[in-house]
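Reader: I'd like to learn how to read a protein model feature by feature. Could you walk me through one?

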Amino acid sequence: MKYSKDHFLSGHVLLIDKPLEWTSFQVVNKIRWEIRHRFNLKKIKVGHAGTLDPLATGLLLICTGKMTKNINTYQAQTKEYTGTITIGHTTPSFDLETAITKSFPISHIDEQLINAAAKTFIGDIEQYPPVFSAVKKDGKRLYEFARAGEAVSVEARKVNISEFEILKIDMPSEADNASINVDFRVVCSKGTYIRSLANDFGKALDSGAYLSALRRTKIGDFTVEDAITIEAFVDALKD
C-alpha cells in the first residue's frame, strides 16, 4: 500500500500484528515516530483501540489522525482470542509475567471435566481484573500496587463470553503429572481479561491455572489475517 502524509492526517486504521514482549504503548510510539520521521511532521495523533499485554501477540488496531475519534467505538467491539491455559499451577499475574508460586493437584481432571467446565463460563459472568493490570484505582494502576507489594481490593465487573471452545487438551503422562495444557478459542465482550478467565477456569476444576499463551485474532470485523508486522509497515513507508 502507498502511504502519504494526508493519508495519516485525514485518518487511517492500521492493522498491526503485535509482536511478543512489546507493549501496546511501544507499538503506538514506534508507529508515531516512523510517520513523523517519514513525512517531517511535528506531531500527529496516534492511538490504539484496545490494549494487548506484553506476553500476548496478535491484532492491534492503530488509529491515526481523525480516526482516533473512533477508538472508543472499536474498543467496544467483540474480541476473539486463541491461546493456552496451563492447569496445575498459578502465578500472581495469572500469566508468565510473574513466576509460579503455587501448585495444585490435577490427577482428578480429565477431558470430560475440562469441556464441562468451559461451558459454565458461557454468558454473562462476574470477573475480577488481575492485580497486575492497567485498571485504575485511586488514581493508580493496579500493577503499581502489585509491584510495590501493596494489597488492594479489586471490584468485580460483568463481562460476556459468547464462545469458549476447547481446541486441544495435552494431558501429562503418568511419569509427568505436573500440568495440563489446554488450547482454546474465546469470543468475548470488551473488558474481558483472558488471564482472569484462565485463573477462574483453574478454580472451576478444583485446581489452579494460568495463561501461558495468548493471541488476539479478531476485533469486530477486523482479523489478524489482514494485519501486517511493524517491520512490514516501516518498509512500506519507505516506498
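Author: What follows is a short tour of this predicted model, going from the overall fold to single residues.

Reader: Now helices. How do I read the pattern of buried residues along one?

Author: The general idea first: an α-helix has 3.6 residues a turn, so residues three or four places apart point the same way. Now take α7, residues 230–238, where the buried residues are Ile230, Phe233, Val234, Ala236 and Leu237. They sit on the same side of α7, because they cover an arc of only 160° around the axis.

Reader: Which exposed residues does the face turned away from the buried side of α7 carry?

Author: Glu231 and Lys238.

Reader: And what covers the buried residues of α7?

Author: The cover includes α1 (5–10), β1 (12–18) and α2 (24–39).

Reader: Is helix α6 mostly covered or mostly open?

Author: Mostly covered: 8 of the 11 residues of α6 (194–204) are buried. Among them are Ile194, Leu197, Ala198 and Phe201, along with Arg195 and Asn199.

Reader: Let's go down to one strand residue. Where is Ile85 found?

Author: In strand β4, residues 79–87. With a relative accessible area of 1%, Ile85 falls under the 20% cut-off and so counts as buried.

Reader: Which residues is Ile85 in contact with, leaving aside its neighbours within four places in sequence?

Author: The list includes Phe164, Ile180, Val182, Phe184, Tyr210 and Leu211. Ala198 and Phe201 are in contact with Ile85 too, and both are buried residues of α6. Phe184 is worth a look: Ile85 and Phe184 are 99 residues apart along the chain, yet their C-alpha atoms are separated by 7.7 Å.

Reader: Next, backbone angles. What should I expect for phi?

Author: Most residues other than glycine have a negative phi, and most peptide bonds are trans. Asn40 has a positive phi of about 55°, and Phe94 has one near 70°. Asp206, which follows α6, has a positive phi near 55°.

Reader: Are Asn40 and Phe94 buried or exposed?

Author: One of each. Asn40 lies in the loop between α2 and β2 (46–48) and is exposed, with a relative accessible area of 71%. Phe94 lies in the loop between β5 (89–90) and β6 (102–103) and is buried, at 17%.

Reader: I like pockets. What is the volume of the second largest pocket, and which residues line it?

Author: The volume is about 160 Å³. Phe94 turns up again in the lining, together with Pro92, Tyr128, Pro129, Pro130, Val131, Ser196, Asn199, Asp200 and Lys203. That lining divides into 6 nonpolar, 2 polar and 2 charged residues. Ser196 and Asn199 are also buried residues of α6.

Reader: Last one: how many disulfides does a search of the whole structure find?

Author: The search finds 0 disulfides. As for individual cysteines, Cys63 is buried, with a relative accessible area of 0%, and Cys188 is buried as well, at 1%.

How values were computed: Residues numbered from 1 in each chain as written. Predicted model: local features only at pLDDT ≥ 70, side-chain atom pairs only at ≥ 80, totals over all residues. Heavy atoms only, no water. 1 Å grid on protein atoms, 1.4 Å probe; cavity = no way out; pocket = protein on both sides within 12 Å on 5 of 7 lines; lining within 4 Å. Points joined across faces, edges and corners; volume = space filled by probe spheres on them. Nonpolar A, V, L, I, M, F, W, Y, C, P; charged D, E, K, R; others polar. Helix = DSSP H or I, 4+ residues; strand = E, 2+ residues; numbered from the N terminus. Buried < 20%, exposed > 50% of the residue type's maximum accessible area, 1.4 Å probe, protein only. Contact = heavy atoms within 4.5 Å. Disulfide = S-S within 2.5 Å. Arc of directions from axis to C-beta.
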